[in-house]
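Hi everyone, thanks for making time today. I'd like to walk you through one structure, and I'll keep it brief.

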Amino acid sequence: MTKRIAILGGTFNPPHLGHLYIAEQVFEMLNLDEIRFMPNAVPPHKKVTEGISDENRVELVRKAIEGNSHFKMELYEIEKGGASYTYDTMLELTKREPNTEFYFIIGADMVEFLPKWYKIDRLMELVTFIGVTRSGFQLNTDYPIKKLELPLFDVSSSGIRAQIKADKSVRYMVPDNVYYAIKECRFYES
Ligand code: ATP
């Protein structure tokens, strides 16, 4: 039996309800078997992950997906370390799991950059891209991706980090357990 799995790759710095919401919608609308959250490995000097290690981001993702039996984690890129091209990752995953039909979820903010992705034409032979709507972005592309118009869920990791830095609450933008972990470890505070 062929399994149908969608990958949601991201920095997840931190994971938020927008990620969980699009993942759940895609799972249901496409009648998939599994959604796999795949945190990127980010070199420590990259500004986006200042103040938080790969391990801690992974831990936050683990907490975020806890309790949803069709949400899983893909640690391939984290374990490999360093920046990875999605093409290389998906080539490896398709080799490892031959009886699987892979989908790859991206928000509309990423859709506009698809032409710049490494070996995009070959990547598109390995996965079906699912582009989902995101506040402030058009879901426009010449590539044959599957477009899902979801109600907008206007939350972003960068917005959350900025909010914390400004000493404002991010409660209800992230799952409760993620909220408490961020607070306890004082992530993103300065
Ligand atoms: P940042 O604000 O730091 O850029 P982000 O909120 O976009 O982060 P990522 O981990 O980079 O979070 O996102 C992973 C994937 O989820 C990307 O494809 C992104 O477009 C998508 N995504 C994130 N948040 C939303 C949202 N609220 N609605 C739709 N797509 C989203």
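Predicted model: local features only at pLDDT ≥ 70, side-chain atom pairs only at ≥ 80, totals over all residues.

Let's start with α7, where Ser157, Ile160 and Arg161 are buried. Seen down the axis of α7, these buried residues fall within an arc of 100°, so they line one face of the helix. As a reminder, an α-helix has 3.6 residues a turn, so residues three or four places apart point the same way.

Now, the ligand. How many residues surround it? There are 19, and the closest are Gly10, Gly18, Gly107, Ser157 and Ser158. The elements giving two or more residues to that shell are α1 (17–29), β4 (100–107), α5 (108–111) and α7 (157–165). Which of the elements gives the most to the shell? That would be α1, with three residues.

On to the largest nonpolar core, which has 36 residues. Ala6, Ala23, Val26, Phe104 and Ile105 touch the most other members. Several elements each supply at least two residues of this core, among them β1 (3–10), β2 (34–39), α2 (54–65), β5 (127–132) and α8 (176–185). Here again α1 gives the most, with five residues.

Let me finish with Phe104. Leaving out residues up to four places away in sequence, Phe104 touches Ala6, Ile7, Val127, Phe129 and Ile130. Thanks, and I'm happy to take questions!

Key. Residues numbered from 1 in each chain as written. Near = placed C-beta within 6 Å. Helix = DSSP H or I, 4+ residues; strand = E, 2+ residues; numbered from the N terminus. Core = buried A, V, L, I, M, F, W, Y, C linked by C-beta atoms within 7 Å. Buried ≥ 20, exposed ≤ 12 C-beta atoms within 10 Å, placed from the backbone. Contact = placed C-beta atoms within 7 Å. Arc of directions from axis to C-beta.
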